[in-house]
Amino acid sequence: MKADKIREGIYWVGAIDWAVRNFHGYLTEKGTTYGAYLIVDEKVTLIDTVKASFEDEMFARISDIVSPEEIDIVISNHVEMDHSGGIPEVVKRCPKAVIYTCEPSGKKGLTAHYGDHNYQTVKSGDSISIGQRTLQFVSTPMLHWPDNMVTYCPEEKILFSNDAFGQHFASAERFDDELPLSDILYQAKSYYANIIMCFGKQVQGAYAQVKNLDIDMIAPAHGVVWRSHVKDILGAYAKWSENSPESGAVVVFDSMWHSTEKMAKAIAQGFHDAGYSVRIYDLKASHWSQIVPDILTSKYLAVGSPTLNNQMMPSVAAFLCYLKGLSPKNRQAFAFGSFGWGGQSVPYVEKELEQCGFTLCMEGIKVTYIPSEEKLAEIEACVRKLV
Ligand code: FEO
């Protein structure tokens, strides 16, 4: 395993997790990387580590450049174990390393995970000199844990951003201009939607701090390094964090005997006729984490479930539970579904949509047993009128 040079004296020494497919309920279809960065200066510095069980890969890459014993400083931008899991091995293999973390949450979190290793704390605005270079710290609390911070090197104009601007994307390539931009931006969008969407206000606060930095490279802890498309990813975060999409519609459903499915297709036709970009997701075929990227950039969401044993379908309940945690705001929604005799699913879905933060824009659409052609035409017209 070799280090990848990203600048003179600065190396990516992380690990590639080609096989991970589920990150806390988020399907990571392309795997991921755990980005760690080595800066060889008067003080040899390691920024972040890797997930436990990937330490040997990280140390092999470090050893390609320096002996791990030479590391003087370790910066822990984030306590979550995909980035701090290597700290116990760092303590063993880098005897003189001093570990810096954000105060007070970083120290508290690292101590709870790994015991007390005399962590040094920094706060927003602090900086340390490592020789020819300086490292400045910017606290970004709740992006997405209380301890998050980013590290900026003004001499190199590099932002070591940890989770922010990351993508769950395993690749041997290290840079944003070595892979199709649309693939990288999609993975960045999926990452934002599945992990960061609920922290839009915090993103805007952090953005206000970093936008004044002179950045020509962003080195995140997941995915590729941004060097040719820095403006694209900064602009995308600014837009996504506004949480106010102006167009687009998503129709999500499960169905037992295709009646709710027919309604879903009529609703989608209504959106399409009105000039909206629309996506349909059948929960039997799509995982909830594959759906939320489109919800991030859509104004409308329609959720359909037939009534099953006086409830909504469990697949729909699980989708709405996941969505509630992501707390989408400033979007409109409505429910629909077929039923035989009870009809409880639609009001249950509506209640969940409201708790997710949606505004109900239309009365829920219910159909007994099978929708007629006339009823489907009525549904299409109803959606056209809505938008
Ligand atoms: Fe990639 Fe919050 O850890």
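The legends below describe views of one predicted model, from the whole chain to one residue.

View 1. Residues are numbered from 1 along each chain as its sequence is written, and side-chain values use heavy atoms, with hydrogens and water left out. The chain has 12 helices and 22 strands, where helices (H or I, at least four residues) and strands (E, at least two) are DSSP runs numbered from the N terminus. Along its principal axes, the C-alpha trace spans about 75 × 35 × 35 Å. Of the 387 residues, 57% count as buried, a term that means under 20% relative accessible area, with exposed meaning over 50% and partly exposed in between (1.4 Å probe, protein chains only).

**View 2. The two domains of the chain.** The domain assignment, which is automatic or taken from a database, gives domain 1 (4-242) and domain 2 (249-386). Their C-alpha centres lie 38 Å apart, and the contact between them (heavy atoms within 4.5 Å) takes 15 residues from domain 1 and 17 residues from domain 2.

**View 3. The interface between domain 1 and domain 2.** The two domains bury about 1300 Å² between them, 59% of it on carbon and sulfur atoms; buried area is the accessible area (1.4 Å probe) that two parts lose on being put together, summed over both. On the side of domain 1 that touches domain 2, β5 (26-27), α5 (181-196) and α7 (230-242) each supply at least two residues, and the largest share, 7 residues, comes from α5. The residues of this side divide into 9 nonpolar, 3 polar and 3 charged, with Ala, Val, Leu, Ile, Met, Phe, Trp, Tyr, Cys and Pro counted as nonpolar, Asp, Glu, Lys and Arg as charged, and the others, Gly among them, as polar.

**View 4. The surroundings of Glu-69.** Glu-69 is found in the loop between α1 (55-63) and β9 (71-76), and Glu-69 counts as exposed because its relative accessibility is 54%. Leaving aside neighbours within four places in sequence, Glu-69 is in contact with Arg-93, Cys-94, Pro-95 and Lys-96. The C-alpha atoms of Glu-69 and Ala-170, which are 101 residues apart along the chain, are separated by 29 Å.

Terms used
Predicted model: local features only at pLDDT ≥ 70, side-chain atom pairs only at ≥ 80, totals over all residues.
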